[in-house]
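Could you walk me through this protein model? I would like to start with the chain as a whole and then stop at a few individual residues.

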Amino acid sequence: MNGHRKLQPLRAVLVMLVLGAALLPAAPVKAQNGRLQEIAAYEGPDREKRLVEGAKKEGELMFYSSIPVEDIAVLTAAFDKKYGVKVKVWRADSEGFLQRIINEAKARRYEVDVMAGSASALEPLHRERLLNEVKSPYLNDLIPESIASHREWASVYLNTFVQAFNTNVVPKQTLPKTFRDLLNPQFKGKLGIEAEDYDWFAQVVLGLGEAEGLRLFRDIVAQNGISVRKGHTLLANLVAAGEVPLALTVYGFTAEQIKQKGAPLDWFIIPPLIARPTAAGVARNAPHPYAAVLFYDFLIGDAQPILASRNFVSPSRKIDSPFTKGPLEIIDAATMLDQSEKWQDLFQKTIIAFSR
């Protein structure tokens, strides 16, 4: 995959925000349903009782999400079983639901109650005043870095970036321990990366020191090459097939799932472990405010062991994970939003333009 890549819809939205473009007319100061702010802020001892009673009267909620279909089905079934409240779902990638919410807000049509997807999609919604903070007691269980500083979204799970290798092609004892080890001639023609992971690239480069990090990756590309592939699942499957012997950015849960199925794939970490949050937020104009807040609580609370059982990496400090044993760095969505154009350009010029 060579040549210049056009900005995807989400990337274009991010750039517009950075440049200060007005995507939306000013959001209304009061929520469409005036009760939401009061409900979301309530912290009394009967909080859950109030939420459940109100949610049952509302009977349903609308959920926009990029979480995989089969995982959404498990979560919504568990919520319905516990509370008797139906969850209607509209699923798209993070770019898709961001665009839909923006378009609905422009039309003053408020349908979504809760949304969950990449933090890079939730952060623009915060800046456009389309989210509402929830004073959830379950936030106390989460890793602080997994909660937005403004507290209008919180992580549901962490997409950890691990390095994956084909065990038939790359001997375990030769695995790189640092990114500088990727200059070793044994990795010539064997490296791969996902095409949209500019935020991972930024985090690694900044950790190495920007000038030194950029120089190192330019040297790696010049000496050994890096194949660029679109899609994390595709990249992981190509590792299992031996077409990409060593991938730099595979999601940890995907690597573990493929490994458990018996494929010749294993994973390791060149420290620190870097994670991109998948986060949830409540719409400022949620039409079902009780159900929205209750479902938000569920996603960052009761849903955590369910997700962990399905190999997702939980941000909850109550859940043990093999992915979070060592140093962990969570990508700051706000910083990446502000600097997205810079790092997309550097990712393009350093890796994508010279990919083999």
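**A walk through the model**

The side chain of Glu-58 has a polar atom 3.2 Å from the backbone nitrogen of Tyr-290. Before we follow that up, a word on the ground rules: this is a predicted model, in which local features need pLDDT of at least 70 and side-chain atom pairs count only at pLDDT 80 or more, while totals for chains, interfaces and linings use all residues. Residues are numbered from 1 along each chain as its sequence is written, and side-chain values use heavy atoms, leaving out hydrogens and water.

Let's take in the whole chain. Its secondary structure comes to 13 helices and eleven strands (DSSP runs, H or I of at least four residues for helices and E of at least two for strands, numbered from the N terminus). Of the 356 residues, 56% are buried (under 20% relative accessible area with a 1.4 Å probe and protein chains only; exposed is over 50%, and partly exposed lies in between). Among contacts (heavy atoms within 4.5 Å) with a separation of 6 or more, 83% join residues 24 or more positions apart.

Back to Glu-58, which sits in helix α3, residues 47–58. Glu-58 is buried but has no salt bridge, and the nearest side chain of opposite charge, Arg-35, is 4.2 Å away. A salt bridge would need a side-chain nitrogen of Lys or Arg within 4 Å of a carboxyl oxygen of Asp or Glu; for charge, Lys and Arg count as positive and Asp and Glu as negative, with His and the chain ends not counted. Leaving aside neighbours within four places in sequence, Glu-58 is in contact with Arg-35, His-288, Pro-289, Tyr-290 and Ala-291.

Now move to the loop between β4 (131–132) and β5 (154–166), where Glu-152 lies. Glu-152 counts as buried because its relative accessibility is 11%. Beyond four places in sequence, Glu-152 touches several residues, including His-126, Ala-280 and Arg-284.

Helix α6 (residues 119–127) is mostly covered, with seven of its nine residues buried; Leu-122 and Glu-123 are among them. Just after α6, Arg-129 takes a positive phi of about 60°.

One last stop is the loop between β9 (265–268) and β10 (273–283), which holds Pro-272. The peptide bond from Pro-271 to Pro-272 is cis, with omega near 0°.

Technical notes. A polar contact is a pair of N or O atoms within 3.5 Å; within protein, one must be able to donate a hydrogen and the other to accept it, and residues adjacent in sequence count only if both atoms are side-chain atoms.
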